[in-house]
Amino acid sequence: RRRLDNVEIKLTYGFLYTPYEREYFWYETFIIFRKTMLSGAMGIFNSVPDVQAAVAGIICIVFHLVHSHLHPFRAVTADYVEHFSLFTLDFTFIAILFCGSADAKAFKLSGSIGLCIISLSIFTVFASIILTLQNVHRAFTGKVKVVGVQSGSRHRLTNKLVMDAVD
């Protein structure tokens, strides 16, 4: 933790922590933990789909609340992409739970809910693409710093794009 600014550490492991604010260097591990919990919930409750959807929905909502509280990414657009993705997951698991209920089957809403899930997923993909293209545009127009980093053992200069917005 104290050596995160070391050039060798940054070149080797920087992809794990540089997208996040300095105090949230651990957030990538948190994301992996979320994915592990979701996979575990799917495996543990595979014989009870309603419980599976409920547990997955609760896990997603809790992790979304944590993300909303922290805003861990250095780039604001990355926070937005994460919000879109987490909201889509929240909605998907809640909708799956609703579709499994007797009321939804009686009103034949499952087709409409499925269409909403697909629409929301498509919106999330397009929003992510647009926000990513905005970041690429910012990189090419000089609104982010490009710094030279000298590799210690190889003694060569490597240009690295550091996503520190120059605002």
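**View 1. Helix α4 and its span.** In this predicted model, α4 has 24 residues and extends 34 Å from its first C-alpha to its last, close to the 34 Å expected at 1.5 Å a residue. Helices are DSSP runs of H or I with at least four residues, numbered from the N terminus, and the expected span is 1.5 Å times one less than the number of residues. The buried residues of α4 include Asp79, His83, Leu86, Phe93 and Cys99; buried denotes under 20% relative accessible area, exposed over 50%, and partly exposed in between (1.4 Å probe, protein chains only). Residues are numbered from 1 along each chain as its sequence is written, and side-chain values use heavy atoms, without hydrogens and water. Local features need pLDDT of at least 70 and side-chain atom pairs 80 or more, whereas totals for chains, interfaces and linings use all residues.

View 2. His71 lies in the loop between α3 (49–70) and α4. Its phi is positive, about 45°, although His71 is not a glycine. Most residues other than glycine have a negative phi. His71 is partly exposed, with a relative accessible area of 41%.

**View 3. The buried residues of helix α6.** The 31 residues of α6 (residues 110–140) should span 45 Å at 1.5 Å a residue, and the end C-alpha atoms are 45 Å apart, which agrees. Among the buried residues of α6 are Ile113, Ile117, Leu120, Thr124 and Leu131. An α-helix has 3.6 residues a turn, so residues three or four places apart point the same way. The cover of the buried α6 residues includes α4 (76–99). Just after α6, Gly142 adopts a positive phi of about 85°.

Note on methods. Helix = DSSP H or I, 4+ residues; strand = E, 2+ residues; numbered from the N terminus. Contact = heavy atoms within 4.5 Å.
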